[in-house]
Structures are given as structure tokens and as C-alpha cells.
Amino acid sequence: GALMSWMEQLVQTYDENACFAGMDGIDGMKAMLPPVGHIVRNAQIEMTLSVDGELIQAAVVPKEKQATLIPCTPDSASRSGSAAFPHALHDTLAYISRDYYDFVKDPPKGNKTPYLAYKYLLGAWAALKVEDPKLQAVYRYVTNHDAIHDLIKKKILFQDDSGKLLEKWTEKDGTRPPIFSAIQDEILKSMVRFRVVVDDDDCPELWKDTKLQKEYQDFFQHHFSKMDVRLCYATGKTLPATGKHSRGIRYPGDNAKLISANDDKDFTFRGRFVNRDECVSVGYESSQKIMNALSWLVRNQGYSHSKKKERVFLAWGRCGQMPPPVFDDTARLIRRRHAGTARPSTLKGWAESLAKALEGYLHEFKQAEMSQVNVMILDAATKGRLSICYYSEMAGEDFIERIEKWHRLGRWRQHGYDKEKKKPFIYFGVPAPKRLVEACHGENVGDTQMKFELERIFYAILQGNPLPVDMERMLIYRVVKRAVCDDYYIWRRQIVEPACSVIARRLNHTKEEYTVALDETKTDRSYLFGRLIAVADQMERRTFSQEEKKSRITNAMRYMEIFSSHPSTTWEILHKKLLPYKQKRDKYGGGEWALISKIGNMFSEEDFLSNRPLDRRFLLGYYCQQYVMEKEWEEHFKKKELSTEEDV
């Protein structure tokens, strides 16, 4: 059931968006939806031909522009190893160059199959579409010219001392030719894409030509009409079937396949089936739609924490709607919806902006016939196998409601960083899950740990639950531990604020009201002790010079860990240590000493004298009190500035 379900959902997602297939630069789309019979691969070299099939120019393609739409066959889309299965138009040097073996270190004896196979396939297509001048130009070029020889002449490729192709650039001086930066592996595996310049034609890039895409689909049906027809499990129709399914799902060079059956020795099927076709047959067209829709969704809206893109988290709406992202912090979620508007400055402003952003998503889902969100986690089990670790379907409204709950119940004051303006800003909301994991395990958290923790956060958000208790404990432990050694502002931004968000989320889940605004009526013991240590910290910190602030640690911070486990006795020690600062602060009219008494009076005697460890609320009390004092301090400065201006 589940297997068919995700396949069926992807086929339908493809069909609903088929009007965009093969089109580049659609608003709001980062990647193109590949049409059936096409895949996206990275091309490193671009050759521009004249209509007569002569080479006009050649260039190395910079990394960010390499993704190229390539017409393929079931065999070429899934090719690996040494078997020669050509793509139909753009391909690697081994296929397009008849002189390839003149430049290989140890060429195979007498076997020139890749080039001949490519020439045969392209020739068959060119013979069927005689009227297409661009196709004819490429066919003419590859049959009459030596591509590698030409690329050496154009200084795209280089020869070594023995006349073979230079594979590594070893010279220390002199500029490194661009091809050596454009491809990581062997230079011989470079992919070439073609442009053809024709009068009155405004699309020389063959990979962007939608007319050519349709012509290839015609040719494919004609040329591959001998494919077996079998029941397709993804659509329930009888269609030409394939045992080969494409790769390249998570990124253009991805080798892992989702569906594969690659051995005939009773191994994969363990004797349950006679051959692979009985196991699961998926029509070629369905397979293409499934893989192309999936690779398109992953590139457009999949989330992966690392550049390696090993594990991908994906949520997609059925009729082309983009559900709100699960891995954004609140500020980014709102910016995505309302790019260009100024950031709110108050807690209330952030609350309203979030509501407005989510309303926009909700509106889109309500408009569609199928208001459904599909959720999937993909990971490579091995280099060649991709697995679906998790798949579920939920109503669009439920999905949005879960996202809303996550951002609303954990709302706290956070410091974000604006990359464009290169400066920090403040927002009220929840940090990105990646930030939460770093707060728990430090900035250099390992990849495996990151994947595991992100998955747990993902489930918590989708199920509408607070984060697992062990993560919360870990955060509190790190807050009190790091108070001694981290820079105060880094500590607050990277650990305390995320921790408060996680704690508030759990407490608010159980209908307690905790926000970043100080509640002076709360008599909870941990909350009050948290307020006390905040005042103690502030009282001492206010006496520091600018220089001292960078390096000196207050007693409150030094004692924070022991204070959280033995509050009563530790407070006695701290209280005594505050006396020298009391005189300094009283001189400047600091009201901290009076505030300490005021908070002290809110305790019941038993709570104040008890030494049992503080619970999570102590951190919230600490932060809220600290936040109020910071605001008062800022106000005090503003007034001071105003009064000095008036004096002038």
C-alpha cells in the first residue's frame, strides 16, 4: 500500500505540473521539472556549432550553471560501470569524440563502442527529424570532426608530455585552466552540451529548446516501441515497462537509485520470483514521472543540512502548492512570504506577521481540490541505493496547523543574522532546527548526530509535540556549564535563547503561560530563583568597564551550575559576594538591591530555604528578568542622550 501510495502521489504531482516540464526560469522555482525521457546532469563543457555543423567556439561551464537537461534512454539514465549506453544528444567525451581513444592512457583493444553507439542513436533521431537544423548540425559535427582534438586547439583541454589528455594540473605557477576547477573526477569524464546558432532562432541552447524535447519524445516512442508492455504498479495501467530506473534524485551527480533490481542470480528476490519483472514492474513513463517529479521537488523544496545532501527532508503539496518549510526559523518563514516588507519590531508584530504568513499558505491549500501534504525522508542506504526512511500523507490544514503550533508555542526572543546586511537582528520566534541541534551539541556536531536529531525534531513538529525531554535536559545542562567559559553574548544567543524556546514550548503545551515578557505575579520557586540570579548578574556586570565586559565573568555566571542544583546555599554565597558591588551601584542609583528584596519576599519560606534542584522554569525566569533590565537600561540611555541634546 505505502509503496504504491508514494509512487501514485508522485505520478499525479508530475501530471498536475506537467505544463512546466522542460521550462526554465519559472517564477518561484529553483529547478526545472524534467520532461519524460529527460534527466538533469552537470555539463562541464559547452560547444557552440554553426548550422553547417562546424565548431564556432567552446567554453568551460562554471559550476553554478552546469545543471543541464539531457534526453536519455532507460539504459543511459541508469548507466554505471563500463557498459556503453549513450544519451541521445549531450554526452561525455567518450561518447561524442571519435578520437577519444587516441587520448586515453590505456585504450581497450579494438573496442570503440561508446562513440559508435552514440553516433547510431543520434543518427536514428536525426534521420527521423530531417527538418530540424539544430539536430542535423550536431550529427554532422560529431560524424565529421574530432571533438577532443578541437577542444585542445581551443585551449579547453590539454595534452601531457606523451600527447595523452592531461588529467591533473600540477604546475605551481601560471593560472590554472578553468576545466580543472569545473570537474572533480577525471577530466575524461567531462560532459559536453551543445549550442547551435541558427538564423531566426532565439534558443541556441539545445537543452532549453522545448520543441526539441517534444521531438525527442516522438523519436523515443518510435525507436523504443519494442519495449515490453506490462501492468504498471504506479498507475494501474498497462504500459511499456522498464526494469531500469534513473538516478540523480538528490542532486545531478547522485548515483543512488530508489528502485533497482540489478542481479539475476536469485539474490535480490531470494527465490520468491522467477525474475525481476515479477517483483514490481513500473511503466517507463511512470518511472520517469516518479523520478523526475521527485528530483524536481527535492531541488525546489527539499531540505538537507549538509552540502553532501545525504539525507533529504521533503514536504510537498499535491497541486503544486508549496507547504510552509519545516526547517525555517520564524524570521525566515515570514520573510519567504513577505519579502521586502520591514521586519516587525515588537512581540505583537511578530505574532501578527506569522499569522499572516500562515494564512497565505492556508489560502493556497483551500483553493486546491487536493489539499494534501506528502512528507518524505530520503537517505542513501549505500552508495547505489536510496531508501525512503519515512513517508506519510496528511491534510494540508493539519500540516499548517502543526507548523503554526511549533512557532507560536515556542516563541521567544532570538538573535538572527542578516546575511545581506551583515548584521544581527532580533526576532520573536523559534530558531531553525539546525540551530537547536547546535545549541544541544555544540557548533561542530557530527553529521550522523545531526541527521538523527533533525529527524526527531521533524517528527516532533509534524506530530505537534514538544521536543524530546532528553534534548531539553541537554540544553539546560549546556546553558549552566557554558556560562563559565563562553563569551556572554555568544552564550546567550547560541544556547540560552534556543533553550528558552524549547522549554517554553513544553510548558505552553501543557497550557501554562510562559512568554519572554516578565510575569511579576509568578511565584514558582524555580522562576523566582532564576530572576534572582539575573539581578545578581546584572548588578555586578554594570560595574564593569567596557574592557572588562569582554573578559570578566560575574560571580552569578561562575556559580550558575552549582546554583541550579543547590539554589539556597549558593544564593547565600552569591549574596555576600554582591556587597562590594552594592556600594558602587547605590552610588549610581541602581535599584537592584531593592529588587532582590522584592523578589525574595515573593518566595514562601519553605521554597526559599529548600535546596532541591531547580527545574526548567529557572532559565525562563532568568531570561525574562534579564530582558526587562536590559530594556530599562536602554531607555535610561535614550533619556540621557535626549537630556544632553537639550542642554546643548
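1. Salt bridges, defined as a side-chain nitrogen of Lys or Arg within 4 Å of a carboxyl oxygen of Asp or Glu, number 40 by this rule. The model is a predicted one, in which local features need pLDDT of at least 70, side-chain atom pairs count only at pLDDT 80 or more, and totals for chains, interfaces and linings use all residues. Residues are numbered from 1 along each chain as its sequence is written, and side-chain values use heavy atoms, with hydrogens and water left out.

2. Asp15 and Lys289 form a salt bridge with an N to O distance of 2.8 Å. The pair links distant parts of the chain, Asp15 being in helix H1 (residues 2-16) and Lys289 in helix H10 (residues 284-301), 274 residues apart. Helices here are DSSP runs (H or I, at least four residues), and strands likewise (E, at least two), numbered from the N terminus. Asp15 is partly exposed, at 41% relative accessible area, whereas Lys289 is buried at 12%; buried means under 20%, exposed over 50% and partly exposed in between (1.4 Å probe, protein chains only).

3. Glu630 pairs with Arg492 in a salt bridge, the closest N and O atoms lying 2.5 Å apart. Glu630 belongs to helix H25 (residues 617-647) and Arg492 to helix H17 (residues 488-509), 138 residues apart. Both Glu630 and Arg492 are buried.

4. A network of salt bridges links Glu310, Arg311, Asp379, Lys451 and Glu455.

5. The mean pLDDT of the chain is 87, with 89% of residues reaching 70 or more; pLDDT is the predictor's confidence in each residue, from 0 to 100.
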